[in-house]
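Hello,

Here is the model I promised to pass on.

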Amino acid sequence: MAERHPRNRTGRGPLRRGLAAAVLAVGMLTASTAPGYGTGPTAPAPGPQFTPLTAAVMTEPAPFRATDGKTHLSYELLTTSALPSSARVRLDRVEVRDARTHRVVGSLSGQALADAANPVGDPLPGADGYTPAPPGPTPTVIPGSQQWVVWLDLVLDRGQRVPKVLEHHLSGAVLTASGSSPFEETVQITPTDRTAPLNLDAPVRPGTWYSSESCCGNTHHRRGLGPINGRFYVPQRFAIDWYRVGEQGQTWEGDPARLTSYLSYRQPVVAAAGGRVVEVQDGIPDNTPPVTPPVPPIEETVGNHVTVEVAPGRYLLYAHLKPGSLKVREGDHVEPGRVLGLIGNSGNSTTPHLHFQVMTTPEFFPTDSPPFTFRKFRVVGQVDPRLWDDNLGTQPTGVLPITPSPYDGPHHARYPLDREVLEF
């Protein structure tokens with residue numbers, strides 16, 4: 001849902017007069033850093049100024065290496081228009097810069113920006129899972145008093161250094177009835193997380209598996225914005241849904257309305273790292289595929305599950321397990337490879353799969369979702385169309401349309417990208 005903000009309704013207070021002045025004087029707004037790409041002396045920080053947009057990051061950006069061999073930083077910029085409803089902001093460009101050198105490390109403009117930005121509360125484009133997301137409108141125009149999310153997914157080439165601190169340079173124009181005024185502003189200087197991602201064993205037994213809804217594109221996990229306890233979270237940012245794949249590339253055989261037709265069903269779920277079991281939930285029945293179940297209560301979203309604390313502030317979630325299959329209790333200490341339960345179809349799940357992720361809290365809601373990697377696996381292909389649990393069982397057959405991947409081959413300490421097929 002859209003977040004609502006109180007307004008100053010007097011129309012005559014200092015805040016309203018200040019915003020009006022900001023609209024008139026926006027052409028004088030300047031960046032707080034030199035706009036160039038060089039490593040020369042930095043520009044002095046300006047004094048206080050009105051800015052048409054405010055911004056906040058929703059997590060500390062954490063670098064990780066993916067199967068493409070590159071370093072990624074995936075996070076969100078929550079922007080709010082500080083202008084009255086009679087004005088609009090045309091956002092032309094978002095640059096992410098190294099705050100020390102002011103070098104641009106990534107940018108969005110034109111259609112790429114339109115596809116990476118949406119108003120808070122809007123449904124996720126392509127959320128039915130069947131059709132690709134339509135292109136966003138260009139240019140990106142933010143109405144007054146609205147809040148938008150810019151989904152940032154930076155990809156750094158091999159050898160490119162990860163900045164210790166990032167800054168975000170926004171440019172565009174304020175649009176009013178009397179015309180437009182260009183603006184530039186540098187906002188939200190934020191450090192990057194220097195903590196190395198957890199490097200894990202596989203959460204499933206050896207075999208071929210389909211990595212669905214993983215980072216970093218327009219997926220339900222990556223762009224799942226959750227308003228929880230009065231603030232926004234992206235609690236599944238790096239979650240992966242795992243499906244067992246057979247020798248012929250199939251994920252189900254026979255009748256897709258039967259749980260036992262799915263190769264994932266009742267597959268063992270194993271500890272990807274040693275640790276202490278801090279939460280166990282059981283007793284939630286499996287859903288009947290392939291009909292999408294009603295949205296469950298928030299406490300049943302991940303269904304039957306096991307949560308294991310593996311490091312300070314790091315918890316592994318194994319979710320959608322089969323009722324009655326859980327093999328551990330709260331307080332148990334588990335070693336890597338121990339069976340925790342069996343894959344089921346409980347909670348917010350349409351077809352059997354394992355939902356796996358790292359969390360920063362023992363609870364799924366609210367939590368943050370940091371990246372992680374797996375010690376070793378082999379990529380054997382990729383799936384181009386988006387097939388996730390809501391439409392997996394509605395396909396003509398259970399055979400995945402697997403094609404070669406440019407990243408086929410062995411990988412070590414890497415994060416699998418969305419829709420890759422791999423062997424553990």
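**Salt bridges and one buried serine**

The count of salt bridges comes to 15, each being a side-chain nitrogen of Lys or Arg within 4 Å of a carboxyl oxygen of Asp or Glu. This is a predicted model, where local features need pLDDT of at least 70, side-chain atom pairs count only at pLDDT 80 or more, and totals for chains, interfaces and linings use all residues. Residues are numbered from 1 along each chain as its sequence is written, and side-chain values use heavy atoms, with hydrogens and water left out.

Arg222 bridges to Glu76, with the closest N and O atoms 2.6 Å apart. This pair links distant parts of the chain, 146 residues apart: Arg222 sits in the loop between E12 and strand E13 (226-228), Glu76 in strand E3 (residues 71-81). Strands (E) are DSSP runs of at least two residues, numbered from the N terminus.

Arg375 pairs with Asp201 at 2.9 Å between the closest N and O atoms. Here Arg375 is partly exposed at 43%, and Asp201 is partly exposed at 29%.

Ser211, in strand E12 (residues 208-212), counts as buried because its relative accessibility is 0%. Ser211 and Asp418 lie 207 residues apart in sequence, yet 6.1 Å apart in space, C-alpha to C-alpha.

Best wishes

Technical notes
Helices (H or I, at least four residues) and strands (E, at least two) are DSSP runs, numbered from the N terminus. Buried means under 20% relative accessible area, exposed over 50%, partly exposed in between (1.4 Å probe, protein chains only).
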